Amino acid sequence: DDDPAMLEYTQALLASEPYRIELATNAAQAVQLLEHGLAPDLILLDIAQAGGDGLKAMEACLAARPGQKIVVFSCLSHPDVIVQALRHGALDFIAKPFYKSDLEHVLHRCLAPSSEVTQSGSQVESIAGGLSFVAASPAMKQIRTRLAQLAAVDMPVLLLGESGVGKEVLARLIHQLSARANKPFLKVNCAALPLDLLESELFGYEAGAFTSATRSKPGKFELCHGGTLFLDEIGEMSSSLQAKLLHVLQDGQFSRLGARNVSHADVRIVAATNINVQKAMETRGFREDLYYRLSAFTIKIPPLRERREEIPLLFRHFLEEFSRRYAHQAPAYSQRLITACSRHDWPGNLRELENFVKRFLVLKDERLSIAELQQEPEIEMEAGEKESGCNHSEEGKCLKMLVRKLKERAEEKVIEEVLAANNWNCKLAASQLHISYKALLYKVKQYGLSPSNASDGLMSSTAAGMRSTHA
């Protein structure tokens with residue numbers, strides 16, 4: 001640091017700790033120490049030094065000792081400098097002025113060995129909401145490191161990737177690692193709501209704003225004050241609503257529908273989309289100004305087929321997780337099943353793998369599972385042909401029909417077992433299956449399921465729910 005008072009202050013904070021401390025007032029002194037054999041576990045660097053030499057100092061230290069861990073200091077009034085430092089390789093960030101607890105927290109995070117890393121170097125990290133972040137590939141380990149950096153800087157993050165790659169998991173992890181961790185984390189699916197409903201969901205409305213608005217309702221921005229708002233599938237948001245969102249990102253101000261006054265919300269935005277943003281901007285489906293506002297930090301999440309080394313770890317993790325959730329004993333499996341999983345392209349990514357593991361957990365038939373992945377005609381094809389009414393000349397079609405029937409059979413078994421475990425309480429079962437109550441009633445009717453030993457009251461309740469859905 002070029003400020004002697006800050007050097008003395010930081011040294012005093014660490015005086016009682018078991019650290020050996022070296023001081024430097026400029027990049028030349030720091031580089032000279034490194035060139036003379038000093039190998040620090042960590043460099044604390046003021047990135048906003050007088051004359052704007054902080055970034056140069058960081059680059060010089062990294063050039064003298066590649067891979068060096070560096071944590072930068074800066075006032076929050078210099079967000080652009082912080083962003084540049086993190087992009088150039090800084091490990092973390094501390095805002096000035098800081099206290100001893102702030103410094104100790106960063107030192108512990110950067111220097112202490114991670115207890116979450118397995119013997120193979122893989123990470124399985126529990127996240128709020130029953131989710132887990134699993135990393136075994138270099139790409140995902142690099143993303144995990146970057147998430148820790150982004151969490152320290154209170155700026156928007158844009159997550160890009162195919163459907164099912166785990167964008168919500170990353171959004172929740174950013175929130176969990178940030179200073180907002182004790183504040184709300186709310187999710188809005190921009191593709192699931194029409195324009196009018198999405199606007200009222202985000203910004204709320206006053207009584208009388210529209211016909212059915214009998215009382216005022218706060219939006220997600222108000223409810224999420226101080227926390228993190230995850231805007232999933234933001235690429236599906238209309239241009240007019242994108243413009244209103246841009247205004248909120250610029251000054252933190254918005255208005256409820258039908259309101260005359262302006263409200264303020266301190267909310268961090270994490271947005272995600274599976275669309276090609278560049279093409280969407282070219283066709284004016286996505287506003288350029290909103291993209292550049294959101295993309296201060298952009299993370300591209302690779303699909304599962306590009307990180308196949310993670311598939312065995314994910315398979316085992318999901319199998320253990322679902323075994324606990326559904327009170328099922330995990331079935332035994334061979335390396336052949338893991339190999340088949342690793343070779344499959346998983347177009348649905350993690351979501352498809354999760355459903356596959358659920359089916360395997362219920363059916364407990366490795367041959368059926370392998371056939372589903374590889375579409376190999378090795379599993380009782382004669383029975384399958386007889387059931388589907390196809391012949392050998394239509395083998396490809398027959399295989400597709402067989403796979404579809406296997407999926408339906410697995411779904412039926414899972415639904416029936418979860419219903420039985422909950423005494424045919426459809427609302428509880430729907431919650432555990434992560435589907436809507438109406439969707440469950442539809443599935444019950446589709447598969448002709450019924451409680452074999454249930455009371456008349458339970459059967460009547462189910463039947464009434466089905467009649468209500470049909471109406």
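A pocket, as the word is used in these legends, is an open set of grid points with protein on both sides within 12 Å along at least five of seven lines, and its lining residues are those that have an atom within 4 Å of a point.

**Figure 1. The largest pocket of the predicted model and the residues about its centre.** In this predicted model, the largest pocket is lined by 47 residues, and those that lie nearest its centre are Arg351, Glu354, Asn355, Lys358 and His434. The space in this pocket comes to about 1,500 Å³. Sorted by residue class, the lining of the largest pocket holds 19 nonpolar, 10 polar and 18 charged residues.

**Figure 2. Elements around the largest pocket.** Two or more lining residues are contributed to the largest pocket by each of several strands, namely strand 5 (131-135), strand 7 (185-189) and strand 10 (228-232), and by each of several helices, namely helix 7 (167-177), helix 13 (311-325), helix 15 (349-363), helix 18 (395-421) and helix 20 (437-447). Of the lining of the largest pocket, helix 15 supplies the largest share, which amounts to seven residues.

**Figure 3. The second largest pocket.** About 770 Å³ of space is found in the second largest pocket, which has 34 lining residues, with Ile21, Glu22, Leu42, Ile43 and Leu44 being the closest to its centre. The elements that each provide two or more residues to this lining are helix 1 (4-14), helix 2 (27-35), strand 1 (43-46), helix 3 (54-64) and helix 5 (100-111), and helix 1 gives the most, with five residues. By class, the lining of the second largest pocket consists of 24 nonpolar, five polar and five charged residues.

**Figure 4. The largest cavity, with helix 15 and helix 18 in its lining.** The structure holds three cavities of 30 Å³ or more, and the largest cavity has a volume of about 60 Å³. Its lining is formed by Tyr326, His328, Lys358, Leu361, Val362, Val414, Glu417 and Val418, and the elements that give two or more residues to that lining are helix 15 and helix 18. The lining of the largest cavity divides into five nonpolar residues, one polar residue and two charged residues. Lys358, which is listed in the lining of this cavity, is also among the residues that lie nearest the centre of the largest pocket.

**Figure 5. Arg284, a residue with positive phi in a loop.** Although Arg284 is not a glycine, its phi is positive, at about 60°. Arg284 belongs to the loop that runs between helix 11 (277-282) and helix 12 (288-294). The relative accessible area of Arg284 is 73%, so this residue counts as exposed, the cut-off for that term being over 50%.

**Figure 6. Asn349, a buried residue with positive phi in helix 15.** Asn349, a residue other than glycine, has a positive phi near 60°, and its place is in helix 15. The relative accessibility of Asn349 is 0%, so this residue counts as buried, a term that applies under 20% relative accessible area.

Figure 7. Among the contacts in the chain with a separation of 6 or more, 67% are between residues 24 or more positions apart. The chain exposes about 24,600 Å², of which carbon and sulfur atoms supply 49%.

Definitions and conventions. Residues are numbered from 1 along each chain as its sequence is written. This is a predicted model: local features need pLDDT of at least 70, side-chain atom pairs count only at pLDDT 80 or more; totals for chains, interfaces and linings use all residues. Side-chain values use heavy atoms; hydrogens and water are left out. On a 1 Å grid over the protein atoms alone, a cavity is a set of points where a 1.4 Å probe fits but cannot get out, and a pocket is an open set with protein on both sides within 12 Å along at least five of seven lines; lining residues have an atom within 4 Å of a point. Grid points are joined across faces, edges and corners, and a volume is the space filled by probe spheres set on the points. Helices (H or I, at least four residues) and strands (E, at least two) are DSSP runs, numbered from the N terminus. Ala, Val, Leu, Ile, Met, Phe, Trp, Tyr, Cys and Pro count as nonpolar, Asp, Glu, Lys and Arg as charged, and the others, Gly among them, as polar. Contact means heavy atoms within 4.5 Å. Accessible areas come from the Shrake-Rupley method with a 1.4 Å probe; for residues, only the protein chains shown count as cover. Buried means under 20% relative accessible area, exposed over 50%, partly exposed in between (1.4 Å probe, protein chains only).
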